Amino acid sequence: MSRPPQPPVYLERRSYRRRRLIDAIRLLPFLGFILFLLPLLAINGSDATGGSTAWGGLYLFAAWAGLIALSAGLVRWLSHFDDDEPEEGPPQ
Amino acid sequence: MAKRVLLIEDEPNIIQAISFILSRDGWTVDTHADGATAVAEVERRAPDVVILDVMLPNRSGFDILQDLRAAEATEALPVLMLTARGQKRDRELAERYGASRFMTKPFSNAEVLDTVRALTEA
Amino acid sequence: MIGFDVLVGVCLGYVAILFAVAFAAEQRAQRAEVNWLRSPLIYTLSLSIYCTAWTFYGAVGYAVRSGLEFVTIYLGPTLVMIGWWWVVRKLVRIGRTQRITSIADLISSRYGKSNLLGVVVTVLAVVGTTPYIALQLQSVTLSFAVLAADEGTTLNPEDLQTTALIVAAGLAFFTILFGTRRLDTNERHPGVVTAIALEAAVKLIALLAVGIFVVWGVASGPADILARTEASRIAAWQPDGARWATLIFLAAAAFLCLPRMFQVMVVENADERHVAVASWAFPGYLFLMSLFVVPIAVVGLQTLPEGNPDLYVLTLPLALGEERLALLAFLGGFSSATSMVIVAAIALSTMVSNHIVMPIWLRAGDPGAVVSGDVRQVVMVSRRVSIGAILALGYLYFLFTGGTGALAAIGLIAFAGLAQVLPAMLGGIFWRGATRVGAAAGLILGFSVWAYTLFLPSFGGTFIMSETFLAQGPFGIAALRPQALLGMEGIDPLVHAVLWSILLNTAAFIVGSLFSFPRPLERLQGAQFVNVFEHSANPRGWSGGAAEAEDLLIMSQRILGSKEAQALFRTAAAVQGKSGDYADITPEFLETLERELASSVGAATAHAMISQIVGGSAVSMEDLLAVADETAQIMEYSLRLQEQSQELERTATQLREANEKLTALSIQKDAFLSQISHELRTPMTSIRAFSEILMAGSTQEAEQSRFSSIIHDEAKRLTRLLDDLLDLSVLENGQVTLNWQDADLHDILERAVAATTSMEGQPRLNVLRDPDAESIAFTTDADRLSQVFINLITNAQKYCTAEAPELRISVTQAGDGGGVHVDFVDNGAGIPRESEAVIFEKFSRLSDKSQAGGAGLGLAICREIMGKLGGSISYQPSEAGTAFRVILPQREAQAAE
């Protein structure tokens, strides 16, 4: 009783890539946290004359939008991998 | 030069059968029946393919396979695993420990032949 | 100018649309046409119940008061969703595999189905959510009053209360109608979710419309808005770092812990892949919701400096004569408020009913009726009553505090209260060592600290805590001042409370967990939660076949009720294109059926029940364990309710023993089957291989005859094995009939020796006997006894290692009821000491010389036969060679003398 050819033992490039992609997804919230804390330094550091709320807000919204775009990109990329291998691997 | 197969199996009749099938196809077949010394035998003979039974005297085929995969020289050696226990767990273990192929006894001669050929062509 | 009638008409029309949408979605879901209902878009939109009226209207007011700080409320959830891989993904998987119904259920299940924890979290949720519901009622009535005032009708406080009452009653009606339509252990409500998704779209469009109007209609574009912002008093805002970080944390925690969020995010989730999409789409939604907050605030401040900033979203379009826009904004706010209340009521009613009402009812009633139909009825009624009660509570809270500004502050206070669940939740899914004691300690301490430092002081000295108490601490102890614990003065009260409550909560949780010892169920649940991806990676599958549709139907009727079961079978038959009541037993159908049964009796039991009927696939060890666990849980649960602690102890012990026995049996069975497989397949392999060689032809004659004889030998070996197996199974199952007759021991031994020495090809063995001692007459089954002797003699033939093999058979009469001893001693090497214990076990062939024939069943058969004959067989280790002693019972020997 033979079976169809087994997948090779060693991790393929593909699943290696997928794991690193997941690493990136895991790191995103930390990046976000750092980005969201930066305006404090900026607004506090600008001599407190009050003119920076608008620019601080602009920065914040830009960082926010960037984070969302990055996340969307990574998730879409991941979905290409998961179409045919829904396996769950331990972090490498 | 004929390619060489090392058959690690302890059932004399099965040894005879596989040796006959492969020799007729032009392979050089060496056989070995003991689990404890199997790894050393593989290193000594340096075959092109190993056919490895799971239930061997003195040492399990899975242990042997793990040792082979851990050593640099035999890390990528094609190993065809045979078992007569026919359990899912055996297949899973074989996959986990890095068997190149896995077959449940009884097998058809053509399958053995095809698999051994395929393993050396790749 | 909007006519009052128009306003009421629009409201009613909008509500009617919501009902229609919910109804249609519910219908489609029942006909299983749920494709677009289960889309990631709907999931993402349903998450937006995070944005309540408090954020819809209040964010602008918040921006007026505290600049950009309002975005923290959105940044927290953004980080949680962007980091979905860490927590949300895991929660969703756990929710699905463990069939979690609420956040209280999550905590309770994780910590060994602890009802105490379920109650604590439920109470916390009710306390934290009721003011929030009141806040929504307030926002609806206020916005209603604003529009009415614009039309010229001034609503007095009584009218406002009536409005709130109507809204509360309407919401209760909607929630009961669509939240408790049917009882499904998944606790999913496609109708509600779809209606909420629609509302989410409405509120986003409303806010965007107002924002676009403000930026391009009132101001002359983004640059103008920037300039106006710089000029407004918002520009003077100074961020407070501690408060900023605390608020982001708090919003993130609340996003995970709020009962309504848990409901839409985990319980209503239909497909795990939706989480991946929502991970960026929902932050996108939040981004859009907050994009125009500052512009609206800035323009509002300029246009209506005296107005209430909390209502700028509504009053700004009104003041500028854009009545349709105002109406849209009103609908947006209305949507925010109602969707929050509906989901919160569903989530809370599930918790109240499952963790408070049902345990009490079960204790009062007969706990035996856990699965019967009337329980479902009780659950349904208790859900409906709970929904009514929760909305009534919210309404009363509104009545007593309404109109005052106290409500506005409640949002963050509620967040901080519910965030107390966070340590137990995160600890529960990431740390196997977290225990019930730790979770309870953390929750209770955290909740108390929250009440002491934030909730009670929020009443400003009018409720329980006096102003003196606040200012000087209890009994004048300054270190215990609620807003300056241990003298920590000068920091924001919210930061102070969150810091202390979460810190002490986490510390108590960790210390409690480290120093307590979890019960077995807790450890099991802990492992299943923490390692959920390993446990649920391979869904169990069915290979259909032997199952009888009728048997399945009968079983399902017992569990689901006959109507439901028949409907289920008919639907499946229809799907398969068959008429009639019986569906074909396809793997798909079995899985559906199993899911349905699982919602009544638990997953493991359902799996085991079906596999009983399906037959073919054996119940695995995991199944048996899971059944035992489930049974243990149910037993433990109902018993604890009756507070019969002794009974519990005893039952637990029994269950543990039963469990161990099952495990041992199952392991043995597995090993046995695997051995049989090996023993059967090995000769089959040779037979097949050589037959194929022969069939292919082109072999020489000598080879042909050699191969044929191998086939012949292996076939004989196979037959012998099958005979032995049959023999053994007959003996073991006690189906054997013994042929008792008078016999002479000498004759039997004579026959056995003759049979063995005449066998061809056996090695020469010299058998030494003493015929005189052997002549004993007694009653036995002579054929069976000689089978034992033959086995012992052949063993000596095969395994005796001496050069001149010799077997001595000696018979002695033991006095005093000791029976007759027949000893078989050879001059070989004997059996290694470590193997003595196993030689009578099945397949315990000691040497690997399998060619010696037999599969190691011989001695096992001997032992069975001797047991049946009333005697015994044992190995005698003291002798020089291999020595077996057969003891024949004395009674028979005497009876025949």
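How many helices and strands does chain C have? Chain C has 37 helices and seven strands. Keep in mind that this is a predicted model. Chain A, by contrast, has two helices and zero strands.

**Chain C: the overall picture**
- Chain C has 897 residues, and 44% of them count as buried.
- Take the contacts in chain C between residues at least 6 apart in sequence: 79% of these join residues at least 24 apart.

**Chain A: the overall picture**
- Chain A has 92 residues, of which 22% are buried.
- Its two helices are α1, residues 13-45, and α2, residues 53-82.
- UniProt, in an unreviewed entry, places the feature "transmembrane region" at residues 21-42 and 54-75 of chain A.
- Over residues 54-75, chain A is 100% helix and 0% strand in the model.
- The end C-alpha atoms of that stretch, residues 54-75 of chain A, are 32 Å apart.

**Where chain A meets chain C**
- On this interface, 31 residues of chain A are in contact with 34 residues of chain C.
- On the chain A side, α1(A) and α2(A) are the elements that give two or more residues.
- The largest share comes from α2(A), with 15 residues.
- By class, the chain A side that touches chain C divides into 20 nonpolar, nine polar and two charged residues.

- The mean pLDDT of chain A is 72.
- In chain A, 60% of the residues reach a pLDDT of 70 or more.
- Residues 45-51 of chain A stay under 50 in pLDDT. For this stretch the model has six contacts beyond four places in sequence.
- Residues 84-92 of chain A also have a pLDDT below 50. This stretch has five contacts in the model beyond near neighbours in sequence.

**Where chain C meets chain B**
- Here, 18 residues of chain C are in contact with 18 residues of chain B.
- On the chain C side, two helices each supply at least two residues: α31, residues 645-696, and α32, residues 701-732.
- Helix α31(C) gives the most to this side, with 13 residues.
- The chain C side that touches chain B has five nonpolar, eight polar and five charged residues.

**Chain B: strand β1 and its partners**
- Strand β1 of chain B covers residues 4-8. Four of these five residues are buried, so β1(B) is largely enclosed by the rest of the structure.
- One partner of β1(B) is strand β2, residues 28-32 of chain B. Five bridges join the two strands, which run parallel.
- Within this pairing, B:Ile8 stands opposite B:His32 in β2(B).
- Another partner of β1(B) is strand β3, residues 49-53 of chain B. Four bridges join β1(B) to β3(B), and these strands also run parallel.
- Here B:Leu6 stands opposite B:Val50 in β3(B).
- Helix α1 of chain B, residues 12-24, takes part in a β-α-β unit with β1(B) and β2(B). The unit is right-handed.

Terms used
Residues numbered from 1 in each chain as written. Chains lettered and ligands numbered in written order. Predicted model: local features only at pLDDT ≥ 70, side-chain atom pairs only at ≥ 80, totals over all residues. Buried ≥ 20, exposed ≤ 12 C-beta atoms within 10 Å, placed from the backbone. Pairing = 2+ DSSP bridges. Right-handed = clockwise from strand over helix to strand, strands pointing away. UniProt positions renumbered as here; feature names shortened; annotations may be inferred. Contact = placed C-beta atoms within 7 Å. Nonpolar A, V, L, I, M, F, W, Y, C, P; charged D, E, K, R; others polar. pLDDT = per-residue confidence, 0-100.
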